[in-house]
Amino acid sequence: MEKKVRENTGKNIMDYETVTLDEEANAVVIIDQTLLPNKTELIRLKTAQEIWDAIYLLKVRGAPAIGVAAAFGIYVLAEQVDTEDYEVFYREFVKQKEYLDSARPTAVNLSWALNRMDEVCRGNSHLPVAQLKCRLKEEAAAIKEEDIQVCRKIGEYGLELVKPGDGILTHCNAGQLAACRYGTATAPIYLGQERGYRFRVFADETRPLLQGARLTAYELFSSGVDVTLICDNMSAAVMKNGWINAVFVGCDRVAANGDAANKIGTSVVAAVAKQYHVPFYVCAPTSTIDLATPTGEDIRIEQRPADEVTQMWYKERMAPEGIKVYNPAFDVTDHDLITAIVTEYGVARAPYTESLREIFEKKKEYGN
């Protein structure tokens, strides 16, 4: 059973690691993000069910953080396999890998991280199982460290697209809580904060799970960023007022043609930004870009429970009993609404079928 540790230390939320490994307990440690901002609880996950539930129930969420949690998670499960027979070990590994991979269908980082761990297994089949487990732990730690470096590079490239004092709008949470540090869409904001850019940030509340209100606004405010929370249907008003100079959003999957799946409502923000001539930037690690998915039409969109809309955030129901609810977790922003896609290897612009491939060619040059 997951072990919860209530934190009452007075620490800033930014002082916590989003995902880490407790080697002594052989457990994945996460912040239970469903309780933020009112409670900070750390959860130790040891079983496949606990790890799956944490990902599915959004206790850990955000494409990069999901990938890191999956990598540590499959290592924790592999460590529990008591055999020195590689074939027996690998069969159990694949079983657990496929189970974890079923938790969230839209975020490509989940399968990406699990496949990396699988490659370690297959590439080291000649080693004793005990040594193979060590290699898996090293790979999971590498995935986490790479995430930190990738997010910082995205921040550097994103910072080149704005200037001090700009107004920035962001949707959902692609911040530190969605990654291991910096975040993706917030990386330019945090680097700008370090360098005295004094950005004015507007954070959409982001229905249905209010991750913009509970997480983005919370972490930016905790970091001393000038942040204003707005409802989702206010983005046009703030853009018409001239308060927004750029939009930065994250994503869970980018198709080969540049279509990008992100939290529901992102495509609305993109359409409004185009109307008011505000550049719309998608911040995407290359691990989130799926060249095997031709267009956004091929991205499977996760459906969430109806009560997330009708009653989850209220003392009493806010909709009639029996009302039909359509509650997709994501929508797909058409590539023609996206000004540029910011990656750790540079900024891609239309036509994305060409520029994204060039990004991956550059990645190959660096041996990654």
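## Salt bridges

A salt bridge here is a side-chain nitrogen of Lys or Arg within 4 Å of a carboxyl oxygen of Asp or Glu. The structure is a predicted model, and by this rule it holds 16 salt bridges. Side chains of opposite charge can pair when their charged atoms come close.

Asp22 and Arg44 meet through their side chains in a salt bridge, at 3.2 Å from N to O. Asp22 is part of strand β2 (residues 19-22) and Arg44 is part of strand β4 (residues 41-45), so this bridge ties together parts that are 22 residues apart in sequence. Arg44 is partly exposed, because its relative accessibility is 22% and the partly exposed class begins where buried, under 20%, ends.

The salt bridge between Lys364 and Glu361 has an N to O distance of 3.9 Å. Both residues sit in helix α11 (residues 352-365), where they are 3 residues apart, about one turn of the helix. Lys364 has a relative accessible area of 59% and is therefore exposed. For Glu361 the relative accessible area is 44%, so this residue is partly exposed.

## Nonpolar cores

The largest nonpolar core has 80 residues, and the members that touch the most others are Val19, Met117 and Leu136. Helix α2 (residues 63-79) supplies 12 residues, the largest share of this core.

Which residues does Val19 touch, not counting residues up to four places away in sequence? They are Val28, Val29, Ile30, Val60, Ala65, Val68, Ala69, Phe72 and Lys144.

## Surroundings of Ala78

Ala78 is located in helix α2. Its relative accessibility is 3%, so Ala78 counts as buried. With neighbours within four places in sequence left aside, the contacts of Ala78 are Phe89, Phe93, Lys133 and Leu136. Leu136 is also among the residues of the largest nonpolar core that touch the most other members.

How far apart in space are Ala78 and Tyr345, C-alpha to C-alpha? The distance is 33 Å, and the two residues are 267 residues apart in sequence.

## Packing of helices α4 and α5

Helix α4 (residues 108-123) and helix α5 (residues 129-159) have axes that come within 9 Å and cross at roughly 145°. The crossing of α4 and α5 is right-handed.

On the α4 side, the residues in contact are Trp112, Ala113, Arg116, Met117, Val120 and Cys121. They meet Leu132, Arg135, Leu136, Glu139, Ala140, Ala142, Ile143 and Glu146 of α5. By residue class, the contact of α4 with α5 consists of 10 nonpolar, no polar and 4 charged residues. Met117 and Leu136, which take part in this contact, are also named with Val19 as touching the most other members of the largest nonpolar core.

## Backbone features

Two cis peptide bonds can be described. One joins Arg207 and Pro208, with omega at about 0°. Pro208 lies in the loop between β6 (200-204) and α7 (211-222). Another cis bond runs from Ala350 to Pro351, where omega is near 0°. Pro351 is placed in the loop between β15 (346-348) and α11; α11 is the helix that holds Lys364 and Glu361.

Cys172 is not a glycine, yet its phi is positive, about 70°. This residue is in the loop between β5 (167-170) and α6 (187-194). Cys172 counts as buried because its relative accessibility is 6%. Leu210 has a phi near 55°, a positive value in a residue other than glycine. Leu210 lies in the loop between β6 and α7, which is also the place of Pro208. With a relative accessibility of 14%, Leu210 counts as buried.

Technical notes: Residues numbered from 1 in each chain as written. Heavy atoms only, no water. Core = buried A, V, L, I, M, F, W, Y, C linked by side-chain atoms within 4.5 Å. Buried < 20%, exposed > 50% of the residue type's maximum accessible area, 1.4 Å probe, protein only. Helix = DSSP H or I, 4+ residues; strand = E, 2+ residues; numbered from the N terminus. Contact = heavy atoms within 4.5 Å. Axes fitted to C-alpha atoms, helices over the stretch in contact; angles between N-to-C directions. Left-handed = near helix turned anticlockwise from the far one by under 90°. Nonpolar A, V, L, I, M, F, W, Y, C, P; charged D, E, K, R; others polar.
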